[in-house]
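Have a look at the model first, then read on.

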Amino acid sequence: MMNLTKLSRYLSYILRHHPEAVGISLDEHGWANVEALIEGISEKKKGFDREILEEIVRTDEKQRYSFSEDGTRIRANQGHSVLVDVNLEQKDPPEYLWHGTAEKSVSSIQKKGLLPMSRLYVHLSKNAKEAEKVGARHGKPVVYRIKSGKMAEDGYCFYQSANKVWLTKMVPIEYLENNED
Ligand code: HQG
């Protein structure tokens, strides 16, 4: 039995960052050909097949992937470092969103605001609890509350991915609040 969580991570790595790792490419909208992907992965992970891929997509806890309607293509819904346009929906954000980071990034964030770093967008969470989990991936978590409603009023664009993750290009410092403020 293959470890689906590990495989899902590998799929993220391929579909968001390194399609060339399994000898495939993404089109401008982030789509990979399903057959080529399966062939590429199965060269490295014996026994990987369409059934397993479908199970990962169906059961992924954050619904990270989507198949095209005809099932011939697959893409990650968000999180890319590769420059692709996944047809994000532009949407008015709630008054507040949250961002979890690690303590070690705070001094830089206080100077420059939130930047996408290696990804195309800054990822935001819909509540503090979720943000804390995201931050803990990088070290001792620190949670910022973002004045997203005010940002939108001031003309900044917000997007929601197919799996409902809030994204924006950057968050200037004046829209950041944390507990120490
Ligand atoms: C930090 C996961 C220094 C930022 C999660 C973060 C998320 C700065 C790190 C999604 C900075 C980038 C994305 C600045 C931001 N100076 N550091 N000016 N601005 N940073 O992994 O948001 O499970 O690229 O705070 O749940 O942690 O993969 O972004 O700590 O939704 O689907 O730079 O990835 O989803 O790290 O995570 P990341 P993230 P998945």
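Predicted model: local features only at pLDDT ≥ 70, side-chain atom pairs only at ≥ 80, totals over all residues.

Residues are numbered from 1 along each chain as its sequence is written, and side-chain values use heavy atoms, with hydrogens and water left out.

**Contacts with the ligand**
- His138 also puts a polar side-chain atom by a ligand oxygen, at 2.6 Å.
- For Arg64, the distance from a polar side-chain atom to an oxygen of the ligand is 2.7 Å.
- The protein covers 87% of the ligand's own 780 Å² of accessible area (Shrake-Rupley method, 1.4 Å probe).

**The shell around it**
- There are 18 residues around the ligand, each with a heavy atom within 4 Å of it.
- Those coming nearest are His99, Thr101, Ser108, Arg119 and His138.
- By type, the shell splits into five nonpolar, seven polar and six charged residues, with Gly counted as polar.
- α4 gives the most to the shell, three residues (helices are DSSP runs of H or I, at least four residues; strands are runs of E, at least two).

**The sheet**
- Three strands make an open, antiparallel sheet in the order β1-β3-β2 (strands pair if DSSP finds at least two bridges between them).
- At the edges are β1 (32-33) and β2 (65-67), each pairing on one side only.
- Ala32 has Ile74 in β3 as its bridge partner.

Notes:
Polar contact = N/O pair within 3.5 Å; in protein donor to acceptor, adjacent residues only side chain to side chain.
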